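Here is a short report to read beside the structure. Keep the sequence at hand as you go.

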Amino acid sequence: MDLFEKDKQKKTKTGFNILSTDSTDGHGGYGTGVIDLNNVSPIIVNTENDEAFVDMGALHARSAVEKRIKFTPNREDSPNGKLYWLVWVSVNNKGAKPFYAGVTACEMIIDMETRRGYKSLPEHVNRMDKSLKGHIIVDHMDEKSKKILGEFLKNHNEEMWKHSELKLRQELLGEEQ
């Protein structure tokens, strides 16, 4: 057998696909029901540095703070860790006006010194799904983290902030209208 024949014999694998068009347009074939992640962005909130930033690497658990960290589902494995929030933010439109439709937060405890961390992978996946479905889940965040996130979203695009649900604006920055 020739070395080039091996490449021809490899099976094609169907993996997770990210599609930018409607995968449920009625054909029922390949790609039907695949999640479209074009309208979701992961935001990392670092309360120690009073900052929030978009890190697209978090879509695949490869954000700047997650790299080279061994995660476990036990908080006790990272006793000296620092709190980070991974926030899934989904954008949608009301008519022609974009707004923050889904905002869900999950915590991570990371000890950079020992390269150990805590996170619940099922929670991260479920919260991303909830964000895509338009849920707002930030009530478990501490007040400082909420303020950092709220100011980040408002400063990023004030029009989107104004068109977002009052619940989001109230929970993050205590706005009344």
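## Glutamate 159

This model is predicted. Glutamate 159 has 44% relative accessibility, so it counts as partly exposed. That class lies between buried, under 20%, and exposed, over 50%. Glutamate 159 belongs to helix α4, residues 158-163.

Which residue lies 8.0 Å from glutamate 159, C-alpha to C-alpha? It is proline 98.

## The nonpolar cores

The largest nonpolar core has 19 residues. Ile43, Val45, Val87, Tyr100, Val103, Leu149 and Leu153 touch the most other members. At least two residues of this core come from each of β1, β4, β5, α3 (143-156), α4 and α5 (166-173).

Now look at tyrosine 100. Leaving aside neighbours within four places in sequence, its contacts include Val89, Val91, Leu153, Met160, Trp161 and Leu168. Ser90, His156, Asn157 and Ser164 are also in contact with tyrosine 100.

## Helix α2

Helix α2 covers residues 121-132. Its twelve residues, at 1.5 Å a residue, should span 16 Å. The end C-alpha atoms are 17 Å apart, which agrees.

Which residues of α2 are buried? They are His124, Arg127, Met128 and Ser131. These four cover an arc of only 105° around the axis, so they sit on the same side of α2. Their cover includes β1 (40-46), β4 (82-94), β5 (97-111) and β7 (136-137). After α2 comes glycine 134, with a positive phi near 90°.

Notes
Residues are numbered from 1 along each chain as its sequence is written. This is a predicted model: local features need pLDDT of at least 70, side-chain atom pairs count only at pLDDT 80 or more; totals for chains, interfaces and linings use all residues. Side-chain values use heavy atoms; hydrogens and water are left out. The expected span of a helix is 1.5 Å times one less than its number of residues. Buried means under 20% relative accessible area, exposed over 50%, partly exposed in between (1.4 Å probe, protein chains only). The arc is that of the directions from the helix axis to the C-beta atoms. Contact means heavy atoms within 4.5 Å. A nonpolar core is a set of buried Ala, Val, Leu, Ile, Met, Phe, Trp, Tyr and Cys residues joined through side-chain atoms within 4.5 Å.
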